[in-house]
Amino acid sequence: MTQNLKPEIGPRVPYPLGYAEATSFTQTMTAPLLTGAALTLVGVIIVDDTKFRVPELTLLLVVTSSIALIASIQIGADARKYLYNRETIAAWYTEDEAKRAGILVRRTKHFIEWRKRNRLAVVVFNAGTMLLILAVSTALFPRDNHAVVRWIASGLTLASALVEAWWLHHLFHERFDETPEKPKPLDGGT
Amino acid sequence: MVLYDVTLPGNGPGTIECPQLQCPATFPNARFSRRDIDKWEEALQVGPEAAKAHLEISGALTMQHMPGCPFRCLPPAVLALCGNEELLAQLKKVGAVLDDCQPSGDSASGPADDA
């Protein structure tokens, strides 16, 4: 049996450290752009739905996608207020004030809150992008069954939806451990 | 890393690190809630077998903790949602139930973030 080490709790930080910036980029840059594209498609369908094979389905998918993407922007912004680093604390408090007010303890609680809320924003963003890909795919369905190239374009979009689904699955199970995953016994953890 | 994350489609939910300063163990940020912690505490109250079974189901045993890491006996939900003081309290609780998880004789150092 290995001797247990003394608990030495480190600061709570995003892992990897660039994760917060990456996720913020998707919520503040990518999501608004995709929302704009989705709403443009809504306008096109409303103006002339005779050009689409299944306009009602496309409209449903694209509107749901827009709602999800806008929600991801809002939930992401709500989550972001809980993420700050020592530099921010130093800008508002002296070291002594921060210690007396228990700001670092609060920062840990806020970080945990950010991680929870940001996860929801991530899930909603991913749902929005998936729905948008499916909407584009249905928009590409040709009215004429002989339009082979357009069927190919639609098929390619559907294939990209599958790749996206696979990639999302990968991201949601991503581990950064250096050794392969295998259950460990409790007596020593070697 | 940022470039890698934003050029590929999708956005990951993030990762939970083991709170022990030197431990490299990670776990995907799943949808944890306080109910998961309640279930863990219920399992601790039932006894060692139930606690071990809960650890196995929670995925705690798949985390690649460093040898002797005191947090290897806690489920990922506890590592994800508990603040520093609550984590230390959880260590005491699990140490009272599982012999292999008793905390070290040395007193815990103040959490780095609360110092």
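**Surface patch.** I started with Ile152(A), which sits in helix H6 (residues 148-172) of chain A. The model I am reading is predicted. I looked up what Ile152(A) does at the surface and found that Ile152(A) forms a nonpolar patch there with Val148(A) and Leu156(A). Together the three residues have about 310 Å² of accessible area.

**Helix pair.** Next I checked how H2 and H5 of chain A are set against each other. Helix H2 covers residues 55-80 and helix H5 covers residues 103-140. I noted that their axes come within 7 Å and cross at roughly 160°. An angle over 145 degrees counts as roughly antiparallel, and H2(A) and H5(A) are therefore roughly antiparallel to each other. The crossing of H2(A) past H5(A) is left-handed. I sorted the residues of this contact by class and got 18 nonpolar, nine polar and three charged.

**Salt bridges.** I searched the whole structure and found seven salt bridges over all chains. I then looked at the pair Arg117(A) and Glu113(A), whose side chains meet in a salt bridge at 2.9 Å, N to O. Both residues belong to helix H5 of chain A and are four residues apart, about one turn of the helix.

**Peptide bond.** Last, I looked at the bond between Tyr15(A) and Pro16(A) and recorded a cis peptide bond, with omega about -15°. Most peptide bonds are trans, so I wrote this one down. Pro16(A) lies in the segment before helix H1 (19-47) of chain A.

Methods. Residues are numbered from 1 along each chain as its sequence is written. Chains are lettered from A and ligands numbered from 1 in the order in which they are written. This is a predicted model: local features need pLDDT of at least 70, side-chain atom pairs count only at pLDDT 80 or more; totals for chains, interfaces and linings use all residues. Side-chain values use heavy atoms; hydrogens and water are left out. Axes are lines fitted to C-alpha atoms, for helices over the stretch in contact, and angles run from 0 to 180 degrees between N-to-C directions. Helices (H or I, at least four residues) and strands (E, at least two) are DSSP runs, numbered from the N terminus. Angles under 35 degrees count as roughly parallel, over 145 as roughly antiparallel, 65 to 115 as roughly perpendicular and the rest as oblique. A crossing is left-handed if the near helix is turned anticlockwise from the far one by less than a right angle, and right-handed if clockwise. Ala, Val, Leu, Ile, Met, Phe, Trp, Tyr, Cys and Pro count as nonpolar, Asp, Glu, Lys and Arg as charged, and the others, Gly among them, as polar. Patches are made of residues with over 30% relative accessible area and no salt bridge: like charges are joined within 9 Å, nonpolar side chains (Val, Leu, Ile, Met, Phe, Trp, Tyr) within 5 Å. Accessible areas come from the Shrake-Rupley method with a 1.4 Å probe; for residues, only the protein chains shown count as cover. A salt bridge is a side-chain nitrogen of Lys or Arg within 4 Å of a carboxyl oxygen of Asp or Glu.
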